[in-house]
Amino acid sequence: MVDLNTATAEELDSVPVLRGHGFEIVRYREERGRFTSLRQLDEVPGLSGKTDDIADQVTVSES
């Protein structure tokens, strides 16, 4: 399980659906703060509508 709030770009790229988007996810997190839900991935450039079935591969930590 990869945590959107703590993973490096390389770790995020290891998830097939997110491959090539790790840098953008980390940048989004640094600019806007921690993820509070998986749905926020739709706001990351290039991921809108591509992450519907990702809940079994990534998580969002609360703290």
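Modeller: A contact is counted when heavy atoms lie within 4.5 Å of each other. On that basis, among contacts in the chain with a separation of 6 or more, 47% are made by residues 24 or more positions apart. The model is a predicted one, in which local features need pLDDT of at least 70 and side-chain atom pairs count only at pLDDT 80 or more, whereas totals for chains, interfaces and linings use all residues. Residues are numbered from 1 along each chain as its sequence is written, and side-chain values use heavy atoms, with hydrogens and water left out.

The chain as a whole comes first. It contains two helices and two strands, helices being DSSP runs of H or I of at least four residues and strands being runs of E of at least two, numbered from the N terminus. In sequence order these elements give the pattern β-α-α-β. The C-alpha trace extends over about 25 × 20 × 20 Å along its principal axes. Of the 63 residues, 40% count as buried. The accessible surface amounts to about 4000 Å², and carbon and sulfur atoms supply 46% of it; the areas come from the Shrake-Rupley method with a 1.4 Å probe.

The charged side chains number 7 positive and 13 negative, and the centres of the two sets are 3 Å apart. Lys and Arg count as positive and Asp and Glu as negative, while His and the chain ends are not counted. Each charge is placed at NZ of Lys, CZ of Arg, CG of Asp or CD of Glu.

Now to the part requested. The structure holds two salt bridges, a salt bridge being a side-chain nitrogen of Lys or Arg within 4 Å of a carboxyl oxygen of Asp or Glu. In one of them, Arg27 pairs with Glu24, and the closest N and O atoms are 2.9 Å apart. Both residues belong to helix H2 (residues 22–32), where a spacing of three residues separates them by about one helical turn. Arg27 is partly exposed, at a relative accessible area of 35%.

Glu43 and Arg32 form a salt bridge as well, with 3.7 Å between the closest N and O atoms. This pair links distant parts of the chain, since Arg32 lies in helix H2 and Glu43 in the loop between H2 and strand S2 (58–59), eleven residues apart. Glu43 is partly exposed at 45% relative accessible area, whereas Arg32 is exposed at 55%.

The loop that holds Glu43 also contains Gln40. Gln40 is buried, with a relative accessible area of 15%. Beyond its neighbours within four places in sequence, Gln40 is in contact with Tyr28, Arg34 and Phe35. Asp52 is found in the loop between H2 and S2 too, and at 61% relative accessibility it counts as exposed. The C-alpha atoms of Asp52 and Arg32 are separated by 21 Å, the two residues being 20 positions apart along the chain.

At the other end of the helix, Gly22 is found in H2 and is buried, with a relative accessible area of 0%. Leaving aside neighbours within four places in sequence, Gly22 is in contact with Ala9, Leu12 and Asp13. Ala9 is found in helix H1 and counts as buried at 18% relative accessibility. Besides Gly22, Ala9 touches Phe23 and Val26, residues up to four places away not being counted.

His21 sits in the loop between helix H1 (9–13) and H2, and it is buried at 17% relative accessible area. Its contacts, apart from neighbours within four places in sequence, are Asp13, Pro45, Gly46 and Leu47.

Notes. Buried means under 20% relative accessible area, exposed over 50%, partly exposed in between (1.4 Å probe, protein chains only).
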